[in-house]
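Please keep the sequence and the 3D view open as you go.

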Amino acid sequence: QAKDSVAYYEFVSKTAAPLLLKNRVRSAKDSLLKGDRYRNYFGSGYARYYNLNLGKYYITIGDTKRGIAFLQKIDKEYSETKLIQPELTEVYDVLIDHYRTANNTKEQINYLNKLIEVTDLINSKKQKIKSETKEGFIIPNLVEDKEVEIDTLKSKSTKDKKQMWGTIFAL
């Protein structure tokens with residue numbers, strides 16, 4: 001039953017993002033806080049999810065300073081580990097907009113450079129995966145299909161020749 005409780009609270013926590021999209025900000029915060037009690041049982045990406053959505057919550061209710069602090073935790077993790085995470089582009093978009101509004105060009109450019117870096121890395125990884133998929137799966141399957149078709153045509157050709165000779169000898 002303990003696993004069911006953990007799964008339930010992880011689910012409750014994960015409802016925060018859709019609730020924020022629906023502008024149900026208080027419900028989103030409640031979901032995050034309820035689920036956070038079980039943080040140690042969730043996957044390693046939970047902390048980023050929590051910080052992203054709590055940051056967005058605080059920005060939405062007008063506590064921008066607190067919201068930005070949560071987003072900067074995700075940026076700090078990236079700066080220390082250089083591990084690409086799906087949340088990073090959204091984090092940097094929000095930080096860029098925040099510093100643009102605050103007329104802080106230095107920080108805006110800082111986060112813009114990080115966004116470009118992360119986007120380039122994500123795109124290169126996508127390209128590598130696409131290439132590996134093509135080379136590892138698509139091309140071998142096409143070659144195999146081609147060989148099957150050639151064998152089928154050869155067998156049909158042999159069958160057609162036998163029928164032709166059979167017809168000639170029957171005449």
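The protein has seven helices and zero strands, where helices (H or I, at least four residues) and strands (E, at least two) are DSSP runs, numbered from the N terminus. Read along the sequence, the pattern is α-α-α-α-α-α-α. This is a predicted model, in which local features need pLDDT of at least 70 and side-chain atom pairs count only at pLDDT 80 or more, while totals for chains, interfaces and linings use all residues. Residues are numbered from 1 along each chain as its sequence is written, and side-chain values use heavy atoms, with hydrogens and water left out.

**Overall shape**

- The radius of gyration of the protein is 28 Å, well over the 16 Å that the globule rule gives for 171 residues, so the protein is more spread out than a compact globule. The radius is taken over C-alpha atoms, and the rule is 2.2 Å times the number of residues to the power 0.38.
- Along the principal axes, the C-alpha atoms fill a box of roughly 95 × 50 × 30 Å.
- Buried residues make up 27% of the 171 residues; buried means under 20% relative accessible area, exposed over 50%, and partly exposed in between (1.4 Å probe, protein chains only).
- Among contacts between residues at least 6 apart in sequence, 49% join residues at least 24 apart, with contact meaning heavy atoms within 4.5 Å.

**Helices α4 and α5**

- Helix α4 (residues 46–60) packs against helix α5 (residues 64–81) at an angle of about 155°, with their axes 7 Å apart. Axes are lines fitted to C-alpha atoms, for helices over the stretch in contact, and angles run from 0 to 180 degrees between N-to-C directions.
- α4 and α5 are therefore roughly antiparallel to each other. Angles under 35 degrees count as roughly parallel, over 145 as roughly antiparallel, 65 to 115 as roughly perpendicular and the rest as oblique.
- The crossing of α4 and α5 is left-handed, a label used if the near helix is turned anticlockwise from the far one by less than a right angle (right-handed if clockwise).
- Residues making this contact include Asn-51, Leu-54 and Tyr-58 of α4 and Phe-70, Leu-71 and Ile-74 of α5.
- The residues of the contact of α4 with α5 divide into nine nonpolar, four polar and four charged. Here Ala, Val, Leu, Ile, Met, Phe, Trp, Tyr, Cys and Pro count as nonpolar, Asp, Glu, Lys and Arg as charged, and the others, Gly among them, as polar.

**Asn-51 in that contact**

- Asn-51 lies in helix α4 and is buried, with a relative accessible area of 11%.
- Leaving aside neighbours within four places in sequence, Asn-51 is in contact with Phe-70, Leu-71, Lys-73 and Ile-74.
- Asn-51 and Ile-74 are 23 residues apart in sequence and 7.0 Å apart in space, C-alpha to C-alpha.

**Helices α5 and α6**

- α5 and helix α6 (residues 87–101) pack at an angle of about 135°, with their axes 10 Å apart; α5 and α6 are therefore oblique to each other.
- The crossing of α5 and α6 is left-handed.
- Ile-68, Leu-71 and Ile-74 of α5 are among the residues making the contact, as are Val-91, Leu-95 and Tyr-99 of α6.
- By class, the contact of α5 with α6 has 10 nonpolar, three polar and one charged residues.

**Ser-31 in helix α3**

- Ser-31 lies in helix α3 (residues 25–36) and counts as buried at 9% relative accessibility.
- Not counting residues up to four places away in sequence, Ser-31 touches Val-12, Ser-13, Thr-15, Ala-16 and Leu-19.
- Ser-31 and Leu-19 are 12 residues apart in sequence and 9.0 Å apart in space, C-alpha to C-alpha.
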